[in-house]
Amino acid sequence: MKPVSAIAGLVAFYSIAVAQVTFQNSSQTILRVDNGSYAPNGPVEEVHYYYNQWPIGLAAASDGRIFVCYTRGTDAYTLGVTVNTTAEVAYPSQALNLPVSELNTTFNGIQFGSANASAFISVQALYITTATASRPETLWVLDTGRPTIMDAQGAPTMPYAQPGGPKLVAINIANNSIYETYTFPSSVHYPDSYMNDLRFDLRNESEVPFSTGKGVAYVNDSSNEGRNGFIVIDLGTGDSWRRLTQDPSVLRTPNNVPSYQGFPFYLKQIGQPIQWQPEGLDGIQLSLDGKTMYYSPLTSDYMYSVPTYNLLLRPQDPLAEIAAHNNVSNLGQHGGQANGFEGDSNGLVYMSMPEQNSINIYNPSTLQAELYVRDPRIIWADSMSVGSDGYIYYNINQLPYQAQWNNGTDLRTFPGAVLRSKLPGNGTKATALYVV
């Protein structure tokens, strides 16, 4: 039997989850009221509804398809595509989504994720690059290789990664076939690493320093228990290396207490004392010219940048890591804690702001953060994708209410959703870095 205090706490948090809208109807008062909305470029539109699995990442293709991913626990698949406004199916096929029974294994009592490099284990992020003369329109799939499993007490645990499980996969969306897979050595992707997001510069070696002609991928390691930093992949050779590991700019802010829908948030997991959100490096975005990487930890109010030259320097340069640390810039606060990033053809950096139910913009021209859109339906925009139609698409997944953060009680309410908003200034998908 639960203590009375525990039951009261669950009832209180359930009430919070049900009554998520905290503003007042302005017709009921003569006072100025925050109505919770701001959309100067047009209304926020509801595009898709999730009824079966809670999404993490998404990517909008030029043909109108929306690809989605879900981090695995017991979900039937981890990579999917929408087929109508209320349903998704496994992508490219159910067979390429590893069965739940094969997601993890045990060695000497220690849990490890699968080492299967040929099927998807637990996909965290997606990104689409447009077609070029040498590469088709590509869905890039970032598989962490680390599913979430439940122990005998119902507490979530994440198995360690094995080489082969964590991978970057390229899919030709014209024929729905995998044409490239990149895996990582254990010296780059540690057993407790957790890859979170990805960006690309596909230009040739004359424009991407130290590359071999097929471009590079930038991935962030946002591990809760490991060493945060960047992973860089040469797409021509498959070589990969780390940069800015454990730099203060990529680490979480200690003992940070955000507020979601007005309520202070603490991390509550079965079998653990109440703690603080531990995630570090989260949002990443390249500048239009590919020379600057913008980034931020989840639990920080600050935006940082580093020249990509310093990320691209190979490990053979003995000063590469020191130079990277020395060239980090603090660009100031971005108006709260930021989650995922995205960019458009105007060079604006879009930042999901879960504390404000909003998306902000960092404008490199004004060096300031600006409000882009705010809406009471934006309860944790977990991933954003600019489409070729001039809209930005974003997943809504009510993440602060998930069972893993609330002592095993799932306080979310279906459906989740894909929303979209019109970009300002006739913005569209940024493609300059995909031209070969």
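Glycine 427 counts as buried at 4% relative accessibility, where buried means under 20% relative accessible area, exposed over 50% and partly exposed in between, computed with a 1.4 Å probe on protein chains only. This is a predicted model in which local features need pLDDT of at least 70 and side-chain atom pairs count only at pLDDT 80 or more, whereas totals for chains, interfaces and linings use all residues. Residues are numbered from 1 along each chain as its sequence is written, and side-chain values use heavy atoms, with hydrogens and water left out.

**Surroundings of glycine 427**

- Glycine 427 lies in the segment after β30 (416-422), with helices (H or I, at least four residues) and strands (E, at least two) taken as DSSP runs and numbered from the N terminus.
- Not counting residues up to four places away in sequence, glycine 427 touches Asp344, Ser345, Asn346 and Gly390, a contact being heavy atoms within 4.5 Å.
- Glycine 427 and isoleucine 392 are 35 residues apart in sequence, and their C-alpha atoms are 9.5 Å apart in space.

**Salt bridges overall**

- Side chains of opposite charge can pair when their charged atoms come close.
- The count comes to 17 salt bridges, each defined as a side-chain nitrogen of Lys or Arg within 4 Å of a carboxyl oxygen of Asp or Glu.
- Glu45, Asp389 and Arg420 are linked with one another in a network of salt bridges.

- Aspartate 221 forms a salt bridge with arginine 242, with 3.2 Å between the closest N and O atoms.
- This pair links distant parts of the chain, as aspartate 221 belongs to strand β15 (residues 216-221) and arginine 242 to strand β17 (residues 240-243), 21 residues apart, and both aspartate 221 and arginine 242 are buried.
- Arginine 243 forms a salt bridge with glutamate 321, the closest N and O atoms being 3.2 Å apart.
- Here the pair connects strand β17, which holds arginine 243, with helix α3 (residues 320-326), which holds glutamate 321, across 78 residues.
- Arginine 243 is buried with a relative accessible area of 5%, while glutamate 321 is partly exposed with a value of 25%.

**The arginine 374 and aspartate 34 pair**

- Arginine 374 forms a salt bridge with aspartate 34, in which the closest N and O atoms are 2.8 Å apart.
- The two residues are 340 residues apart and link distant parts of the chain, with arginine 374 in strand β27 (residues 368-374) and aspartate 34 in the loop between α1 (4-18) and β1 (45-50).
- Arginine 374 is partly exposed, with a relative accessible area of 23%, and aspartate 34 is partly exposed as well, with a relative accessible area of 44%.
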